[in-house]
Amino acid sequence: MTNSIYVIGHKNPDTDSICSAIGYAAYLNQPDPGRYIPARCGEIGAETAYVLSHFGVDAPALVESVEPTVADIPFTYTHRAQMDLPTIDVVDMMEEQDVRNIPITDTEGKFVGLVSEHGLARAYVRRTRIEPLSVLPIKVETLARILEAEVVVRNRDLLEGNVYISIDALHVTLSRLTKDDIAIVGDNEPSQLALIQAGIALLIIADGAPVGDRAINAAKSQGVSVFSTKLDAFGVAKMINLSLPASEVMATDVPIIHMDDGLDYVKQLVTNSRYRTACIIDEEGKLLGMISRNTFVYDIQKSVILVDHNEYSQAVDGIENAEILEIIDHHRLGAMTTLKPIRFIMEPVGSTSTIVASIYQESGRTLPDTIAGLLLAGILSDTLGLKMSTTTKKDEEMVAWLAERTGIDPVEFGISLFREGMELSSFSIEELVKKDLKRYSLYSMDVAISQVMAPSSEFARQHEEEIRSTIENLRKLMEVDIFVVLLTSVFENGSDLYAAADDHTLQRLDYLNQPVRLTGVMSRKKDFLPQFGQLIRGL
């Protein structure tokens, strides 16, 4: 994921934001296929859905936050051991890999625990104090390997039972033994023979002591397996302890994380863990990897290219922690800062799609008809069919160029866009107000400005009380000083303004009597925001 770069527009995306993101990602992917991912940080509106459906294009990926997540970590530890693996083999793995922890899985790859240096110390201190020495089901050849022993006599395939070192009086040891148990003895043939006669499962002859023919024949007769090892008796006991399966010594109080968990949360989890690690699992509980404190030595960031905005308040959540590579916009200059120089294209045109279309034109790169159609839709939408005051000669030139390439009549296509975009009856007033909502910081005041396109001013009059109550509620919810909604009629060449603020502010702005009719105000960016900013400045 860290090699992927999101091309993403602003919150509450409009058609220009979506189309310019798709168009610019397609442009960048021509020399580097698949690396640039068109994205959005909000639901698309009816007009945009119509455009995407018209050209048969899927909606960009929904990215609610660009906070770095576990998926962005470039390296994770992938070694693991199955729960039935002897502990000594897990310890060997830890030494080979130079790690302090090894995740343990079941036969299906699901995470079940962790063997750690810390846990091993605790497990064996506890075991030697309170638990008898024993082996759980283990193959004869596996135990022989662990003890570096020669199998002198083999009469069983699997061993399970208690283990006794013959250091007490022989009759005491014999009184404890059962047919499943294991005895450890040294160079003492009478003891060897007595233990074999007891019919135990395995006799381990330590210290490299010789195994005589009498002992071998007796073992074969009694069905007792015999090992010979150079380890002393207590070395054998130590290694038998380490022959236990990993499931017996693993810890289960290990932090579990998922690929979509944020790194701030994960860092805290790892730091607070006694193992200084966390294990990554998928939805089925299968182990994907492990991370440790060393994972966070270097900064981990998502990489993004912003289109159609350049203000933190309008950007996808987590933008402060992302690496911004480029910005392409046609709005006012915001307050974003970056640690490195970036490519910043800002032009006073009617839409970001205009800028992206001109980049195609100037570069000479292939412009697929589908992308050309999307960019045409983006321009027509943001300029209201080239009628808004923000429309420039460059917008008109790009519309003509794109229309010629696609064979689309821009006038008819523009009318169909507005018809789809003005379908208001299926939305609540709150949904309409929040669809195209932008937040600004103007002269130390927090301001939210929404714009709703309506067929005529009649819509505002019919819903006046609901509009007033909705924007007052949203003002409190968003904790802004002023909340403004512009209900703009394309065909009446003007907007009705409703505002929510304290009475003193409304009086100073001359907004006490609402709606305020703003003739000729079609563009929030060019027609309304500059004059409104001056009013705020004078408060």
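User: Leaving aside neighbours within four places in sequence, which residues is Ala315 in contact with?

Analyst: In this predicted model, Ala315 is in contact with Lys11, His309 and Met336 once those neighbours are set aside. A contact here requires heavy atoms within 4.5 Å. Ala315 itself is placed in the loop between strand 16 (303-307) and strand 17 (323-329).

User: Why is Ala315 called buried?

Analyst: The relative accessible area of Ala315 is 1%. The term buried applies under 20%, so Ala315, at 1%, is classed as buried.

User: How far apart are Ala315 and Ser456 in sequence and in space?

Analyst: The two residues are separated by 141 residues in sequence, and their C-alpha atoms are 31 Å apart in space.

User: What makes Ser17 a buried residue, and which residues does Ser17 touch?

Analyst: Ser17, located in helix 1 (residues 15-29), has a relative accessible area of 1%. Since the limit for buried is under 20%, Ser17 is assigned to the buried class. Not counting residues up to four places away in sequence, Ser17 touches Gly9, His10, Val307 and Asp308.

User: Why is Asn12 called partly exposed?

Analyst: Its relative accessibility is 26%. The partly exposed class lies between the buried limit of 20% and the exposed limit of 50%, so Asn12, at 26%, counts as partly exposed. Asn12 is found in the loop between strand 1 (5-8) and helix 1.

User: What is noted about the phi of Asn12 and of Leu384?

Analyst: Phi of Asn12 is near 50°, a positive value in a residue other than glycine. Leu384 is likewise not a glycine, and its phi is positive at about 50°.

User: Is Leu384 buried or exposed, and what value shows it?

Analyst: Leu384 has 3% relative accessibility. That value is set against the limit of under 20%, and Leu384 therefore counts as buried. Leu384 lies in the loop between helix 13 and helix 14 (393-406).

User: What span is expected for helix 15 (residues 410-421), and what span does it reach?

Analyst: Helix 15 has twelve residues, and its first and last C-alpha atoms are 16 Å apart. The expected span at 1.5 Å a residue is 16 Å, and the helix comes close to it.

User: Which residues of helix 15 are buried, and what do they pack against?

Analyst: Phe413, Gly414, Ser416, Leu417, Phe418 and Gly421 are buried in helix 15. The buried residues of this helix pack against helix 2 (46-55) and helix 13 (369-382).

User: Which bond joins Gln514 and Pro515, and what is its omega?

Analyst: The two residues are joined by a cis peptide bond, with omega of about 5°. Pro515 is in the loop between helix 19 (503-509) and strand 23 (516-519).

User: Why is the protein called more spread out than a compact globule?

Analyst: The protein contains 20 helices and 23 strands. Its radius of gyration is 37 Å, whereas the globule rule gives 24 Å for 539 residues; the value is well over the rule, so the protein is more spread out than a compact globule. Along its principal axes, the C-alpha trace spans about 115 × 55 × 40 Å.

User: What share of the 539 residues is buried, and what is the accessible surface of the protein?

Analyst: Buried residues make up 54% of the 539 residues. The accessible surface comes to about 25100 Å², of which 48% belongs to carbon and sulfur atoms.

Notes
Residues are numbered from 1 along each chain as its sequence is written. This is a predicted model: local features need pLDDT of at least 70, side-chain atom pairs count only at pLDDT 80 or more; totals for chains, interfaces and linings use all residues. Side-chain values use heavy atoms; hydrogens and water are left out. Helices (H or I, at least four residues) and strands (E, at least two) are DSSP runs, numbered from the N terminus. The radius of gyration is taken over C-alpha atoms; the globule rule is 2.2 Å times the number of residues to the power 0.38. Buried means under 20% relative accessible area, exposed over 50%, partly exposed in between (1.4 Å probe, protein chains only). Accessible areas come from the Shrake-Rupley method with a 1.4 Å probe; for residues, only the protein chains shown count as cover. The expected span of a helix is 1.5 Å times one less than its number of residues.
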